[in-house]
Amino acid sequence: MKKIQKIRGAHEINPSESQTWSYLTKKITEIFESFSYQEIRLPIIESTSLFQRSVGEGTDIVNKEMFTFESKSGKSLSLRPEGTAGCLRASIEMGLTDQGPIRLFYHGPMYRYERPQKGRNREFYQLSAEAYGFDGVNIDSEMIYMSYKIFSFLDLKDYYLEINSLGSKETQQNFSKAIKDYLIPIKDKLDPDSQARLNSNTLRILDSKNPETQKILKNGPKIFEFLSQKSIEDFDLLRSNLDEMKIPYKVNNNLVRGLDYYNDVVYEWKSKALGSQNTFCAGGRYDSLSKNLGGRDIPAAGFSIGLDRLIISLSDQDTSKAKKRLIVIILEDNLLHAGLEIAETIRNNLEEIVVRFDGVKSNLKSQLKKAIKENYDFAIIIGNEEINKGVYSFKNLKKDDNQLSLTKSEVIKSISGVIENE
Ligand code: ATP
Ligand code: MG
């Protein structure tokens, strides 16, 4: 019979990689929590209108990248292409935005109908932080600092931060008009994507990777020429905060986001290891979104880390930070209970360990060979001789040590010694 295959662009993680995914999720969320961000759990399906109203009708995401379908009652639903809109929708609905400033985080899969390639899938994983009700750029500084702390901790390859200010919605409208006036007479020289964006999403033209388009843009109007005094002051304050916190950054005046809700501060973390999909974290302010979704007028800011891309940009992809693994081997069938007992004692006394016991008598040589191949760290071997003496044979499989005869408490001491030394 023909095999059923995975849907194109869907996301699945092999057991050999899942430890890295869990480890990163745990570390990143621990850092979020240490800055007093609280976890919120959100649905994957939302009303299509949520994204039309927030991300924007003219954006690529809403225009052509959504997985949209009709519910049985004829309502238009979509798999979430991003989390910011759903998080604010839920926070308004739960009344969280009525209780003063609040910091939240969430993580999970997002869905966009894109052409799958390195660092771009139709189902991908994001970890995001959002903050509501904080005025001024100090919250943006905190968020950038928090992401910086995460990425420095993780030892990423060649990464850097780019920042920009998009100004207020009014600035964006004035600038869009000016750039349109500048580009329309020379429309034919633009790449086809940028031509199409002239009428739908003019700002996004700045993002074009086409060298010819970029050359044309160099001589055109710049968004910073349209910023209000307030936006300039905010941006300057953000820059001096980043200097103060010793976070390196570049100002990229062409940095725009593919979502309509942003204003003023926007930023992206990029890595040279990623090729053309080079942004692995992106964020900014979105002060008008709450009102747009029918909520109160409150300031908001957030960022999202794309975990798929973050993993590609890790310098050290090995999972040595993963838990140690131990196998218990019995040489006779009558030793089942002795095996179960030592396995359970180790599990109960050491947190950072995985213990495997298959419960059947096995051939020692082939079993050890297999355990080494499967990357086990330790083996405990129990034969009748050991049981009579009240000891266990213990082997550190990552070293050429001889087999040691140890008591139960010595076994635990040896393993915790190895764990602590790493
Ligand atoms: P891009 O310009 O690369 O398409 P974007 O502006 O559409 O990115 P955002 O909506 O800002 O991306 O999403 C934040 C982060 O989520 C990105 O920086 C990236 O790491 C990740 N991301 C977005 N789309 C995908 C995808 N299709 N596959 C994997 N990761 C993605
Ligand atoms: Mg995109």
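This is a predicted model: local features need pLDDT of at least 70, side-chain atom pairs count only at pLDDT 80 or more; totals for chains, interfaces and linings use all residues.
Q: Let us start with strand 14. Are its residues buried or exposed?
A: Strand 14, residues 378–382, is mostly covered, and five of its five residues are buried.

Q: Which way do those residues point?
A: Phe378, Ile380 and Ile382 point one way from strand 14, while Ala379 and Ile381 point the other way. Residues of both sets are buried. In a regular strand, side chains alternate between the two faces of the sheet.

Q: How many bridges join strand 12 to strand 14, and do they run parallel or antiparallel?
A: Strand 12 (residues 324–330) is joined to strand 14 by five bridges, and the two run parallel. As for a particular pair, Leu326 has Phe378 in strand 14 as its bridge partner.

Q: And strand 15, in which sense does it pair with strand 14?
A: The pairing of strand 14 with strand 15 (residues 392–396) is antiparallel, over four bridges. Within strand 15, Ser393 stands opposite Ile381.

Q: Changing topic to helices: at what angle do helix 5 and helix 9 pack?
A: Helix 5 (residues 138–154) and helix 9 (residues 229–244) pack at about 35°, and their axes are 9 Å apart. The crossing of helix 5 past helix 9 is right-handed.

Q: Which residues meet there?
A: From helix 5 there are Asn138, Asp140, Ser141 and Ile144, and they meet Leu238, Asn241 and Leu242 of helix 9. By class, this contact of helix 5 with helix 9 has three nonpolar, three polar and one charged residues.

Q: What about helix 8, which of its residues are buried?
A: In helix 8 (residues 211–218), the buried residues are Thr213, Ile216 and Leu217.

Q: Why are they on the same side of helix 8?
A: They cover an arc of only 100° around the axis, so they lie on the same side of helix 8. In general, an α-helix has 3.6 residues a turn, so residues three or four places apart point the same way.

Q: Then which residues are exposed on the other side of helix 8?
A: Pro211, Lys215 and Lys218 are exposed there, on the other side of helix 8.

Q: What covers the buried residues of helix 8?
A: The cover includes helix 6 (169–183) and helix 7 (192–200).

Q: Is Ser194 buried or exposed?
A: Ser194 is buried, because its relative accessible area is 0%, under the 20% limit for that class. Its C-alpha atom and that of Leu183, 11 residues apart along the chain, are separated by 9.9 Å.

Q: Now the backbone: what is phi of Asp264?
A: Asp264 has a positive phi of about 50°, although it is not a glycine. Most residues other than glycine have a negative phi. Asp264 is placed in strand 9 (residues 263–271) and is buried, with a relative accessible area of 12%.

Q: And phi of Asn375, what is its value?
A: Phi of Asn375 is near 70°, a positive value in a residue other than glycine. Asn375 lies in the loop between helix 13 (364–373) and strand 14.

Q: How does Asn375 count in terms of relative accessibility?
A: Asn375 counts as partly exposed, because its relative accessibility is 45%.

Key
Residues are numbered from 1 along each chain as its sequence is written. Chains are lettered from A and ligands numbered from 1 in the order in which they are written. Side-chain values use heavy atoms; hydrogens and water are left out. Buried means under 20% relative accessible area, exposed over 50%, partly exposed in between (1.4 Å probe, protein chains only). Two strands pair if DSSP finds at least two bridges between them. Axes are lines fitted to C-alpha atoms, for helices over the stretch in contact, and angles run from 0 to 180 degrees between N-to-C directions. A crossing is left-handed if the near helix is turned anticlockwise from the far one by less than a right angle, and right-handed if clockwise. Contact means heavy atoms within 4.5 Å. Ala, Val, Leu, Ile, Met, Phe, Trp, Tyr, Cys and Pro count as nonpolar, Asp, Glu, Lys and Arg as charged, and the others, Gly among them, as polar. The arc is that of the directions from the helix axis to the C-beta atoms.
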